[in-house]
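I opened the model to look up a few local features and kept short notes. The entries follow in the order in which I made them.

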Amino acid sequence: MKLVQSYTADFGFIYNDKRQQKLISHLITQLRPLSMEHKIKIVLFSLENLDLDGTIISGTIIEGNSVQKGQCDIPPFIYNLALHSNADKMDKMRSLRKMENTLIINPINRFIQGIIFEMLSSLPNLQPYLLPAVSLNTTTLSDYLEKYESFFIVQEKSFSKPKAVTIKKLHDEYIIYIGAYGQRCKKDEILPYIKKMIHKNNHLLIKGIDRLKNGDVPLEMKIFLQKNWKAEWSITATVANQGIFSKSESYFAKTRYPSNNLGIEEINEYTKCLDTVSKEIGRFLDYYIPFVGSFTFDFIFDEIRSPYLIYVSGFEQDQNIIGQMDSESQINLLQNAFYYLLFLMNNSGMEKGAHHELDKS
Amino acid sequence: MNWIKVERSEVEGFEQSQNILYTSKGLANKLKSRTILKFGQKEIPISVKEMPSKQEGHKADFHHPDIIQLSEDTISELLIQTSSTYQLEYSETTIKIGPVVGFLLGEQHYYYHHRRLKELTDAMGIYEKVGGLFIAFRYCSIDWQEKCIFGHYYNDVTKRWEYGKLPIPTVVYRRGFNKRNNFVNEYKNEFQWKVFNDIRFDKWEMYCQLKDNEKLNPFLPVTELLTVDSLLGLFEKYPKVILKPKSLSRGRGITIITLKSPETFVIHDYRYYNDLTIAKAELEEYLQEGKYLDSEYIIQPFLNLANIEGSPWDIRVVMQKNGENQWICNGIECRLAPSGKMITNISNGGRALHLKEALELAFGEEVESDLISKDIHAISMEFCKMMDLTGYHFAEFGLDIALDTHQHYWFIEANVRPTFKGFKALDEQIYKQICYEPILYSTSIAGFSWGNNDDADE
């Protein structure tokens with residue numbers, strides 16, 4: 001039995017000890033000057049080192065230029081950068097979320113797609129960007145097979161990087177595309193095939209479209225959205241040709257990927273349109289999901305170049321996100337996280353309504 | 001009572017955009033002099049016109065409501081959900097459509113969906129008696145600029161909670177007590193909503209409310225705030241003391257300390273399998289390290305409660321206000337702790353029993369269960385009357401009462417937002433009535449009545 005020292009940090013950042021080791025050095029490099037400039041004490045920690053009963057954290061403490069291992073109390077503002085997949089960690093996040101004196105941003109980084117799309121489909125402004133979607137069961141699957149020439153299947157929630165499957169009708173057969181590769185399936189075998197493929201996991205059915213191609217591959221765009229220093233939604237990074245249909249693992253950045261049929265100007269135009277739509281989606285989801293600091297949206301395009309939202313996830317779904325970013329996006333990511341917490345700290349004394357009003361872009 | 005359904009106006013052209021309410025001749029005659037239409041917190045000027053195409057010939061009921069038609073703009077402005085069936089009330093100048101009732105949700109789920117609103121869906125079993133718009137929302141759901149809510153509403157056609165843009169309700173049934181939900185009280189003046197269950201007293205505050213009541217005081221265990229001195233003081237009179245966090249419910253955080261010998265304590269912490277024995281000199285260090293002294297606990301002597309085959313049990317009484325603004329007892333259940341456990345909460349594995357059954361198991365068949373039942377009603381009613389005098393607006397309590405081996409009553413605690421898990425298993429009818437009562441009460445304080453209760457017409 002020993003008494004622990006009581007040290008109070010202002011901000012906490014949660015990372016995954018096993019999967020995000022690379023993140024730590026980025027966090028230290030970028031948060032140190034911010035800590036110094038704003039006189040903010042920061043603790044970086046993993047959930048293994050959070051003692052909820054003792055309300056103590058063991059982690060890396062940044063105070064200005066000083067970086068050291070140590071213990072501190074649970075800070076009042078925490079930004080979660082990790083995806084937590086085991087029951088123990090999810091319980092800890094739940095308890096942390098319910099603590100009265102701590103505000104945790106991104107308490108959940110994994111969303112159930114059926115629920116998210118049900119929310120989004122209630123807003124008339126977003127209808128042009130949504131395809132008909134429904135939870136997959138035997139009835140809906142038979143209905144989609146009957147009604148549509150093609151449809152997509154995506155997992156309702158996934159701890160790994162989500163991937164979509166395309167089912168396309170071709171005469172008396174179906175072609176099942178996973179990534180770029182197609183497999184033929186006879187009409188009377190499609191139902192059992194899909195049931196076997198999805199196993200017992202919950203999936204979402206989305207009406208298919210003929211997708212716009214960028215060069216040889218269908219165009220996909222991924223938008224990384226974050227609350228910034230004014231608590232407004234802002235675009236941290238955009239990437240073309242990387243998403244839930246693509247097999248490629250290309251790096252993303254602000255760089256575009258022009259091809260013979262899509263010029264840089266056109267891609268820039270799409271990016272601009274998606275920036276606006278993404279911010280509107282972010283603002284709308286704020287009403288239903290509190291304390292989200294970041295989202296990732298996957299969009300596809302039809303042949304007349306209209307964009308459709310296809311998947312919504314927490315920003316940090318991809319464990320290598322920092323490694324895949326160019327330096328500008330890396331800086332944006334951590335600065336947005338820090339400055340959003342700073343905004344919340346500076347405005348925490350305000351009345352609830354006024355605060356909420358400010359926390360809208 | 002006037003049942004109505006709102007439809008989008010079929011009238012085209014200039015009048016479409018005007019604030020005109022079209023309805024059948026009979027209803028139009030009753031409403032024609034009214035100039036204001038109110039829905040939730042929103043109101044607009046209105047003129048009433050007869051809709052010649054609508055035939056009358058039936059007395060409107062929930063399943064055959066009168067139709068009123070409004071323009072698309074008016075429906076959007078008032079945020080009326082056209083899937084709902086409403087009541088229509090009218091005064092000298094105003095037509096009121098409703099009720100519009102909000103459930104302020106708690107933190108059980110990070111984000112909500114129909115399948116996470118099971119208890120509210122059960123409560124909507126009474127929808128056909130009240131009609132109206134029932135909204136489930138949280139503080140983040142409010143658009144403060146537009147003064148509307150992006151939340152869930154109950155669609156009685158699909159029997160589901162659906163997402164939508166909704167009006168600010170006139171009545172709020174508070175079901176979550178985290179600090180963030182206190183906004184609902186701070187905005188009472190701005191939104192003019194009636195909030196019930198507007199506050200939750202912690203265990204110490206509740207004790208302070210009760211201790212000066214002469215009728216209730218004999219049933220209160222000695223209660224003090226935890227300090228090392230107060231704890232040692234209690235051990236001078238009692239061999240066993242229970243430590244309860246002021247603000248937690250469902251048995252969370254409870255610790256029982258027993259004076260084993262003059263210099264030794266045995267500590268039973270609900271979180272750990274094994275008990276811990278410590279020396280008296282280590283007590284302060286134990287309390288400090290376990291953060292008991294920081295976390296604000298109350299302490300009480302551990303009561304020698306009546307037991308059933310060695311397991312303690314207590315009584316949960318559900319008191320609710322009915323549509324006539326009167327307190328009534330809607331259910332009594334007994335909760336038996338699991339074998340070897342000292343905490344009775346159903347969420348900790350406790351089992352629900354009927355009162356008579358529990359009394360007979362604990363005291364034998366000759367026990368005067370009717371008399372005990374009457375006493376429990378009287379204690380509960382006294383408690384509710386006293387709480388009405390605090391100036392807060394309560395409409396629901398779950399009271400925990402226990403009997404010791406001498407059949408003395410002990411008032412253990414009062415919960416503003418009790419869970420009804422035991423009743424669901426014990427008696428489906430009682431469970432349903434407990435779910436329905438706040439809906440009838442909300443409807444009543446929103447200024448509406450309910451089916452079969454008031455057929456008065458002008």
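I looked up B:N307 and found it in strand β22 (residues 307-308) of chain B. Helices (H or I, at least four residues) and strands (E, at least two) are DSSP runs here, numbered from the N terminus. With a relative accessibility of 34%, B:N307 counts as partly exposed; buried means under 20% relative accessible area, exposed over 50%, and partly exposed in between (1.4 Å probe, protein chains only). I then listed the contacts of B:N307, leaving aside neighbours within four places in sequence, and got B:P312, B:W313 and B:A362. Contact means heavy atoms within 4.5 Å. I also noted B:F363, 56 residues from B:N307 in sequence and 8.8 Å away in space, C-alpha to C-alpha.

A note on the ground rules: this is a predicted model, in which local features need pLDDT of at least 70 and side-chain atom pairs count only at pLDDT 80 or more, while totals for chains, interfaces and linings use all residues. Residues are numbered from 1 along each chain as its sequence is written, chains are lettered from A and ligands numbered from 1 in the order in which they are written, and side-chain values use heavy atoms, with hydrogens and water left out.

Next I turned to the sheets. Chain B has an open sheet of eight strands in the order β4-β3-β8-β7-β1-β6-β2-β5, with mixed pairing. Two strands pair if DSSP finds at least two bridges between them. At the edges I found β4 (42-45) and β5 (47-50) of chain B, each pairing on one side only. From one strand to the next, the twist averages 30 degrees. Inside this order I checked β2 (residues 20-23) and β6 (residues 66-70) of chain B, which pair in the antiparallel sense over two bridges. B:Y22 has B:Q69 in β6(B) as its bridge partner.

In chain A I noted an open sheet of four strands, ordered β17-β16-β18-β19, with antiparallel pairing. Its edges are β17 (233-240) and β19 (307-314) of chain A; each has a single partner strand, so one side of each is left without a neighbour in the sheet. Neighbouring strands are turned by 25 degrees against each other on average, direction ignored. Strand β18 (residues 294-301) of chain A pairs with β19(A) over seven bridges, in the antiparallel sense. A:D298 has A:Y311 in β19(A) as its bridge partner.

What lies across this sheet? I found α6(A) across β16 (220-227), β17, β18 and β19 of chain A, running at about 135 degrees to β18(A). Axes are lines fitted to C-alpha atoms, for helices over the stretch in contact, and angles run from 0 to 180 degrees between N-to-C directions.

I followed α6 (residues 264-285) of chain A to helix α3 (residues 113-120) of chain A: the two pack at an angle of about 100 degrees, with their axes 11 Å apart. That makes α3(A) roughly perpendicular to α6(A), a label that covers 65 to 115 degrees. A:I116, A:M119 and A:L120 in α3(A) meet A:I281, A:F284 and A:L285 in α6(A).

B:C148 is buried, at a relative accessible area of 1%. B:C435 is in no disulfide either, with the nearest cysteine sulfur, that of B:C329, 15 Å away. B:C435 also counts as buried, at 7% relative accessibility.

Methods. Angles under 35 degrees count as roughly parallel, over 145 as roughly antiparallel, 65 to 115 as roughly perpendicular and the rest as oblique. A disulfide is a pair of cysteine sulfur atoms within 2.5 Å.
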